[in-house]
Amino acid sequence: PPSSPCPGDTSVLAGLYGPAEAKLSKELPDRAALEVLLRPKVGLPGVLERSREQLLRQTCEAVVLGVLHPRTAITLVLQVLSDAGSLLSCCLNAACMGLLDAGLPLSSLFCGVTCALDPDGTIVLDPTTRQEQEARAVLSFAIDSRERKVLMATTKGSCSMEEMQQCLAAAQRAADTIFQFYRDSVRRRYSKS
Amino acid sequence: LSICFRTVEPLEYYRRFLKENCRPDGRELGEFRATTCFFSSGSITTADGSALVKLGNTTVICGVKAELAAPAADSANKGYIVPNVELPSLCSERFRSGPPGEEAQAASQFIADVIENSQMIVKEDLCIANGKLAWVLYCDIICLDYDGNLLDASVFALLAALKNVQLPSVTINEETGLSEVNLKQKTPLIIRKHPVATSFAIFDDTLLIVDPTGEEEDLATGTVTIVTDEEGRLCSVHKPGGSPLTGAKLQDCITRAITRHKEVKKLIDKVIKSITPK
């Protein structure tokens, strides 16, 4: 089943398939094999998509209780519909909502937050493409829902240690809003049926 | 007998050591393997710059070749740096021959990001004639022996190889418009920043060990790589999923990375001084 959250104008469609039977070459004897496919809006997937797929896959592997479904395959397909900045955190949010929607057993939820550091030091959350380009550094975090710990971190541009800690704190605060959004969406979906 | 235990229950075997705050190969949790670095005089003679780096058993060689090309239309004063990480099947049984796998592609992207983020080579320095001619640096990083911690070794090899590059001087003949390369006159590349990567493996959601070997990487529940430059600024924090970490633990990693940077910088300076002709 597909799901698509969108901060601003960035939107990503997530489709989750599984746990299904895995090919012999890909199956793992003690856990589910997770695969992530990221398709850009235009063009063929390249090295950047592969590296993002690795980030998303390892983040999802950390929360999905794969040991409950050994020798199966879980495939997550993400299609970028439009990109207006903060693409990686949109993909993370889409992935988590997809996992929720599919009803897979998870140890915690996670959400993606992107922070951009302006040349003068102000922190901008969920930057647009323009803000990302003008920023000195862009940091993306995946925050987990249990204790607001960092599941995934990736940075672009350079920043000091203190600035990174400040961005992390801001991201952890912003995570609360996103988790509330998850809660509201799920409530809306199940209250109708 | 311990070898049987190690094969059958590797995680339990490791846990026994980690409880005593040390690892099976005798290192402390925060200790790196012996790092050695060899420069161009022994490595690749056909490349413009090269270096071989060994981090314990992990061996990575980097060759840099410089070619000429026309700059892109929208950035007429910028050259190109194209890194490529290859994990051939000879370095480990986990890699098959064929198109680059996910790990190689993710590593290539990581190296490209490190070069970009740290600004170690400013692309404007690679430009020879605005809009007409610029250098393209093809950096090929090939792993010869994979025993964990590929990213640290690759970044170190890249840095060492780039420090070794000697670019011939190029002039554009006014009349014919063609470029003339003077191989006799060589200038070294201008390297502005020296990024150094430090990788950690997370065990059982709590313990952090530095410089994981191949076996430790397989058993770990997550990895973190921090790239710092000489001013203590963070060029990259790369934590691709895995167990969650608190901000404080991340802070510890960063402090350790800064200390490691100083050690590596000293090593590079020592090796360069030893090969510079007097």
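A residue is called buried at under 20% relative accessible area, exposed at over 50% and partly exposed in between, with a 1.4 Å probe and protein chains only. By that criterion, 49% of the 278 residues in chain B are buried. This is a predicted model, in which local features need pLDDT of at least 70 and side-chain atom pairs count only at pLDDT 80 or more, while totals for chains, interfaces and linings use all residues. Residues are numbered from 1 along each chain as its sequence is written, and chains are lettered from A in the order in which they are written.

**Fold of chain B**
- Chain B contains six helices and twelve strands, taken as DSSP runs of H or I with at least four residues and of E with at least two.
- Its radius of gyration over C-alpha atoms is 21 Å, close to the 19 Å of the globule rule (2.2 Å times the number of residues to the power 0.38), so chain B is as compact as a globular protein of 278 residues.
- The C-alpha trace of chain B spans about 75 × 45 × 35 Å along its principal axes.
- Of the contacts in chain B (heavy atoms within 4.5 Å) with a separation of 6 or more, 66% join residues 24 or more positions apart.

**Interface with chain A**
- Chain B contributes 27 residues to the contact and chain A contributes 30 residues.
- About 2,600 Å² is buried between the two chains, 53% of it from carbon and sulfur atoms; this is the accessible area (1.4 Å probe) lost on being put together, summed over both parts.
- Within chain B, the residues losing the most area to chain A are B:E102, B:R233 and B:L234, together 22% of what that side buries.

Technical notes: Heavy atoms only, no water.
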